[in-house]
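Please keep the sequence open while going through them.

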Amino acid sequence: MIQNVTALEMPIDEEFRIVKNHLTNGKGKRICIVTGTHGDELEGQYVCYLIAKMVNEHPEKLKGTIDIYPALNPLGIDSMQRGVPAFDLDMNRIFPGNSRGSMIEKVAHDIYTDLSGADMVIDIHASNIFLREIPQVRISEMTAETLVPYAKLMGIDFIWIHQAATVLESTLAHSLNSTGTPCLVAEMGVGGRISHSMCQHLVDGIQNLMFSMGIWDEAPDPSKIKESIVSKNGDSVAFLNAKISGVFVTEIHNDTTIKKGQSIGQIISPLTGKILDDVIAPCDGLLFTIRAYPMVYEGSLLGRIYKL
Amino acid sequence: MKIQTIFHMSSPYRDDFRIKAYTFGEGEKTLCIVGSMRGDEIQQQFVASQMVALMKKAEEENQIMPGISISIIPSVNPFSINIEKRFWALDNTDINRMFPGYDQGETTQRIAAGLFEFIKDFKFGIQLASYYLPGNFLPHVRMIHTGFEDVNDAKYFGFPYVGIREPEPFDTVLLNYNWQIWNTQAFSLYSGTTDVIDHKMAQGAIEAISRFMVKKNMLSLTIENEGVQEPIVIEGKQLIPIQAPHAGILIIEKEAGQVVKKDEVLARIVHPYEGRDVCEIKSPVSGTIFFARNKSITFQNTLLFRIINL
Ligand SMILES: [Zn+2]
């Protein structure tokens, strides 16, 4: 059943809406699949489709509620903008919102209220147009104890436990986790693209989680659920930042184990035909992030390595 | 006048990115003024440039007190202004969400770190700030309540109002907050407009900063104090927000700074196809308009005004 989560008037003959697909057998636990907070991240679109399709094909296997929210920032998705158009705001920095606030604060409040009380929320992100990520769940240190067991059930490649930062207190995930609704943040792929195999992999993981929670009556093929690599602590990740501005080229893919001293790519000058910098791995490890967008300034992130 | 490049970076094809500081006087780092940080902060750019001109003259006429130095950074982000983009040229990040910065991090973290390294030791800091919503303010000085702030100092600007508000999660990455944490008395000065210069309000901001410098013994000038009263400190809850009950074309009838009576019409919303008034927006209280939207369309629920209710 398609329902409005919130609706507001726009200036000229258009209603702003956030919709969800409420799939339920009327009892049991509730999981929410949310995505599209950032308008340039599209991997979650295919995940939502696959889950809705799965329920459409086998409604009898549903033993609880699955709420699918494919577009928390519909204006951004429909106009290829990461933030909220006309406000130039990051939708993931305004939670839990405010029912009496401006339009965007009210929208955040209505989303937060609608999700609150769920037994699990999966917030699917797809990096941005600059970086390509392997499928991963990101969990702040504060919530690791509660959330890591759930993340492991998803059989996702990598579970990154990172340090908490005050500025991240206004994310959807933090707002939910700090008020008793467990929320896992999945990151995968790259902005503006859909990888079918990655999406299918995440759907298998979500199916396994739903099976474990008693929401779905069928487990996925066990061979599809990998054992996750769980990061140890905050400084176990090496960041590779550009030393110089230029054009970054690489033939390396992420999800690759690399050796200290190995070349990750080059920053080149098309004008002079020279290599400006050969980017070298500072340690052994799993390259879980690699830059996808070639133009770089000094400091631009080129990759991230989980030290092994 | 000493001109220094305090941060520079190459670019793939554009000229080098540079942040410049203009320093006047010699001695203890006493006051730092930071101008534009976002690509639409033209009023802030103008005010900063006028402060440089004013300080140059003050220095030539020996009006700067001995033993102190005053630095002005007219722009932290010329790259965004030059391409008329509000945030960072490539990745659209906001430099004013990156403080205290990180010199080994992402580009805008490095810019923030480069700036902060230079400005962190000053006794007083003034950021010529803009608001995230489009609109005009009654010029004022604002502080974040961190426990380090001193509202008495804010009064020396001579604006009728001093704003003070509680910190929110995003504040921890703003310049003002980090300045205060590093023991600089930090003020955000809102000089009315953002992307269009308002000369009267710019002049008011320049006079306010000059007045502050005179009161804090940095400058020996005679300063016009006529009409300057003891300012009123306002907290967030004393500002009454007025939101649009409907979307449509917005006709603003009252501007920031105007005094209004309860039930006076502040704005009208016009149907964009049929031309009729959808609604009138009346003031729920008597007071002074502190903030007024300056765009001619509105969503439903958009903040249109804030009124000071004392
Ligand atoms: Zn995202």
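1. Pro96(A) lies in the loop between helix H2 (74-78) and H3 of chain A, where helices (H or I, at least four residues) and strands (E, at least two) are DSSP runs numbered from the N terminus. The peptide bond that leads from Phe95(A) into Pro96(A) is cis, with omega near 5°. In chain B, a cis peptide bond joins Phe99(B) and Pro100(B), with omega about 5°, and Pro100(B) is found in the loop between helix H2 (78-82) and helix H3 (107-119) of chain B.

2. A word on the basis of these notes: this is a predicted model, in which local features need pLDDT of at least 70 and side-chain atom pairs count only at pLDDT 80 or more, while totals for chains, interfaces and linings use all residues. Residues are numbered from 1 along each chain as its sequence is written, and chains are lettered from A and ligands numbered from 1 in the order in which they are written.

3. Ser127(A) has a positive phi, near 60°, and sits in the loop between strand E5 (120-125) and strand E6 (131-140) of chain A. Ser127(A) is buried, with 22 other C-beta atoms within 10 Å; a residue is called buried if 20 or more other C-beta atoms, placed from the backbone, lie within 10 Å of its own, exposed if 12 or fewer, and partly exposed in between. Asn217(B) also has a positive phi, of about 60°, but Asn217(B) is exposed, with 10 other C-beta atoms within 10 Å, in the loop between helix H6 (199-215) and strand E10 (232-235) of chain B. Most residues other than glycine have a negative phi, and most peptide bonds are trans.

4. In chain A, four strands form an open antiparallel sheet in the order E14-E13-E11-E16, two strands being paired if DSSP finds at least two bridges between them. Strand E14 (274-280) and strand E16 (295-296) of chain A stand at the edges with a single partner strand each, so one side of each has no neighbour in the sheet. E11(A) and strand E13 (residues 263-269) of chain A run antiparallel and are joined by three bridges, and Phe248(A) stands opposite Ile267(A) in E13(A).

5. How many residues of each chain are in contact across the two chains? The contact involves 28 residues of chain A and 31 residues of chain B, where contact requires that the C-beta atoms of two residues, placed from the backbone, lie within 7 Å. On the chain A side, strand E1 (2-10), helix H3 (103-115) and strand E11 (246-249) give two or more residues each, and E1(A) gives the most, with three residues.

6. Chain B is divided into domain 1 (2-230) and domain 2 (238-308), with bounds that come from an automatic or database domain assignment. The C-alpha centres of these domains of chain B lie 30 Å apart, and their contact takes seven residues from domain 1 and 12 residues from domain 2. Strand E6 (residues 135-137) of chain B provides the largest share of the domain 1 side, three residues.

7. For chain B as a whole, the secondary structure comes to six helices and 18 strands, and buried residues make up 45% of its 310 residues. The C-alpha atoms of chain B fill a box of roughly 60 × 50 × 35 Å, taken along the principal axes.
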